[in-house]
Amino acid sequence: GPPLRLTLEAAARPIVVAVLLFAGLLLLGASPMAAGGFTLLAAVGFAARASVDLFAAWRQTQSAPAMLVLSVVTLRLARHLMERHGGLARSTSTWLVSGALVTMLFRLVLVSHPDFYYPDLLTHTRVVEAIRVQGPAFFLNPAESLAEQKAWTKPVLGSVSALPYAVVFHTPFAILAGAFDLSIDAIETALKAASSLISVLPILIAGVLAVRFGLPPMAALALAVIPTYTSRLSFALLPALTGHVFDLIVLAMLAAAMPQNRSPSNRGALALFVALLAGHLAYTSSVVNEGLLMAVLVILVLATGKPGLPAAGRLVLAEAGAALLAFALYYRHFVGDVVDLGSRLIGIAPPSSGAGPASSQYPIESFWGLLIERTDTFFGWPWLGLFVAGVLFAGAAFRGSVVPRAWVVAFLGLILLRAKIPDVFRYGHETLFLTPLVALLAGSALILAWERGGVARWASVAAGIALWVQSFGRQWASIADQLGNAL
C-alpha cells in the first residue's frame with residue numbers, strides 16, 4: 001500500500017498536550033519549575049512509548065487535549081471550594097489539584113491504550129443509548145428499561161433478579177450523545193475519559209477530610225498512587241467511581257457537621273441530608289455504603305449515653321429522609337424485584353424453578369478469610385503496615401473522632417455481607433469505600449515519620465520507595481489484564 005504520511009494534526013497533538021499540561025499546571029497555581037518538571041516527565045514518557053509503538057502512543061493521547069481543558073476548569077473550581085469551605089491553605093490545595101491533574105493524565109493514557117477492552121464498557125454504552133433513544137420516557141419505568149438491557153439481570157439464590165441500578169453516571173452522556181449524535185465508539189471513549197477525571201476527585205475530598213481529622217492534608221496525594229482506582233478503571237466499574245465520590249462527600253459532610261463529635265446544627269443536618277440524597281440517587285451501592293455508615297455512626301453516638309441523643313436523632317432524620325425521598329423519586333420502580341429478592345434471602349420464597357430451597361450461586365466464605373484476601377489483593381502489606389503506623393502516629397483529633405471509627409466498622413460490615421450473601425454483595429465496593437482512609441493514614445505515616453527526622457526519616461524514604469514500586473506494579477498489572485482481552 002501507499003506509505004504512511006504524518007499529517008500536521010497528528011504531529012501537533014503531542015505538542016498541544018504538553019502545552020496544555022504546562023499551562024494547566026500554571027493556572028492551578030504550580031510554579032513554573034514544577035509545571036515544567038511534570039511536563040518534561042510526560043514528554044519523556046510519550047517519547048519512550050513512541051519509540052516502541054508510535055501509533056499506540058498517538059492513540060493514547062487522543063482524548064488528552066479535551067480532558068486537560070475540562071480537568072483544569074473542574075480542578076480550579078474544586079480548589080476554590082477547598083480553600084473556602086474545606087480549610088485548606090493555598091499552597092496545599094495547589095499541590096493537591098496539580099497532583100490530581102497529572103494523575104488524571106496518567107490514568108487516561110492507561111485506559112486509552114488501543115488494546116484496552118472490557119465488556120462492561122459496551123454494557124454502559126448500551127444504557128446510554130437506551131436513555132438517548134427513549135428520552136424522559138426512560139425514567140417513567142427505569143426498571144423495565146434496564147431489564148431489557150439484561151446487564152443487571154443476575155442469577156441470585158436460585159432465581160433471576162433484575163437488580164436496582166442508578167443511572168446518574170449515564171444520563172449526562174446520553175444528553176451529549178443526543179446533542180452531538182455520538183457514535184458507539186465515541187461514547188465508549190467519553191466514558192473512559194470522564195472516569196479518569198472522576199477517579200482523581202477523591203484526592204481533593206481526602207485533603208478536606210485530612211484537615212477535619214487533624215492529619216497532614218498532603219497525605220491525600222497517596223490516593224494518586226494507591227492501586228485501587230486504576231483497578232476500578234481497568235475493570236470498567238465506571239459508575240462505581242461516581243458513587244464513591246458521593247460517599248466521600250457524605251463523609252466530609254459528617255466530619256464538618258460533627259466537630260469534636262458534637263451534634264450537627266440545623267444547617268449541618270440539612271447539608272448532610274442533601275449529600276445523602278445525592279449519594280443514594282447517584283449509585284445503588286451507595287445506598288448500602290452510606291446507609292450502613294449512618295447506622296453504625298448512630299450506634300456509636302448512642303453508646304456515649306444521653307449526650308449523644310440529639311446527634312443520633314438528627315443523623316437518623318437525615319438518613320431516613322434521604323432514603324425515603326430517593327425511594328419515592330427512583331427506587332420505587334424496583335420494589336417488585338427487591339421484594340422478590342428479599343423473600344428468597346429470608347427463605348420464604350423458593351427459587352423460580354421450584355427445585356427446592358434457594359441456594360447461593362457463589363460460595364459463602366469465612367469473614368476473616370475474605371477480609372484478609374480482599375485487603376491483601378487491593379492494598380497489600382506495604383499499605384496495610386503504613387495504615388497501622390498512621391493510626392499510631394495520628395493525633396488526638398483523629399483518634400477522638402467518631403467518624404473514622406464508623407468508617408472502619410461500616411467497611412467490616414460490608415465485608416460480612418459479601419462473605420455471607422455473595423449473590424447480592426459481590427462487586428468489590430467495600431474495598432473502594434475504605435481506600436481513601438487507608439491512603440490517608442499511610443501517607444500520614446510517611447509524612448509524620450519524615451518530620452521526626454533521624455532514623456524515622458530514612459525509614460520513611462525506604463517505605464515510600466517500596467510503596468511506589470509496589471503500587472505502580474499493581475496498576476500496570478490491572479491494565480495488562482484487560483489488554484489481554486484484545487488477544
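**Surface and overall build**

I looked up the surface first. The protein exposes about 21900 Å². Carbon and sulfur atoms supply 70% of that area. I note here that this is a predicted model.

Next I checked burial across the chain. Of the 487 residues, 49% are buried. I then listed the secondary structure and found 22 helices and two strands. I also looked at contacts between residues at least 6 apart in sequence. Of these, 78% join residues at least 24 apart.

**Cavities**

How many cavities of 30 Å³ or more are there? I found two. The largest cavity has a volume of about 50 Å³.

I went through the lining of the largest cavity. Among its residues are His-244, Asp-247, Tyr-283, Asn-289, His-429 and Phe-433. Helices α12 (238-257), α14 (284-302) and α21 (429-452) each give two or more residues to this lining. Which element gives the largest share? I noted α12, with four residues. By type, I wrote down four nonpolar residues, six polar and one charged.

**Gly-279**

I picked out Gly-279, in helix α13 (residues 266-282). Is Gly-279 buried or exposed? Its relative accessible area is 0%, so I put it down as buried.

I then searched for its contacts beyond neighbours within four places in sequence. They are Phe-246, Ser-286 and Glu-290. Phe-246 is 33 residues away from Gly-279 in sequence. In space, their C-alpha atoms are 5.0 Å apart.

**Salt bridges**

Side chains of opposite charge can pair when their charged atoms come close. I searched the whole structure and found four salt bridges.

One joins Arg-374 and Glu-430, with the closest N and O atoms 2.9 Å apart. This pair links distant parts of the chain. Arg-374 is in helix α17 (residues 367-378) and Glu-430 is in helix α21, 56 residues apart. I checked burial for both partners. Arg-374 is buried at 8% relative accessible area. Glu-430 is buried too, at 5%.

Another joins Arg-79 and Glu-83, with the closest N and O atoms 3.8 Å apart. Both lie in helix α4 (residues 64-85), four residues apart, about one turn of the helix. Arg-79 has a relative accessible area of 9%, so I logged it as buried. Glu-83 is at 22%, so I logged it as partly exposed.

Glu-83 also meets Arg-90 in a salt bridge, 2.7 Å from N to O. Which residues form one network through shared partners? I wrote down Arg-79, Glu-83 and Arg-90.

Methods
Residues are numbered from 1 along each chain as its sequence is written. This is a predicted model: local features need pLDDT of at least 70, side-chain atom pairs count only at pLDDT 80 or more; totals for chains, interfaces and linings use all residues. Side-chain values use heavy atoms; hydrogens and water are left out. Buried means under 20% relative accessible area, exposed over 50%, partly exposed in between (1.4 Å probe, protein chains only). Contact means heavy atoms within 4.5 Å. Accessible areas come from the Shrake-Rupley method with a 1.4 Å probe; for residues, only the protein chains shown count as cover. On a 1 Å grid over the protein atoms alone, a cavity is a set of points where a 1.4 Å probe fits but cannot get out, and a pocket is an open set with protein on both sides within 12 Å along at least five of seven lines; lining residues have an atom within 4 Å of a point. Grid points are joined across faces, edges and corners, and a volume is the space filled by probe spheres set on the points. Ala, Val, Leu, Ile, Met, Phe, Trp, Tyr, Cys and Pro count as nonpolar, Asp, Glu, Lys and Arg as charged, and the others, Gly among them, as polar. A salt bridge is a side-chain nitrogen of Lys or Arg within 4 Å of a carboxyl oxygen of Asp or Glu.
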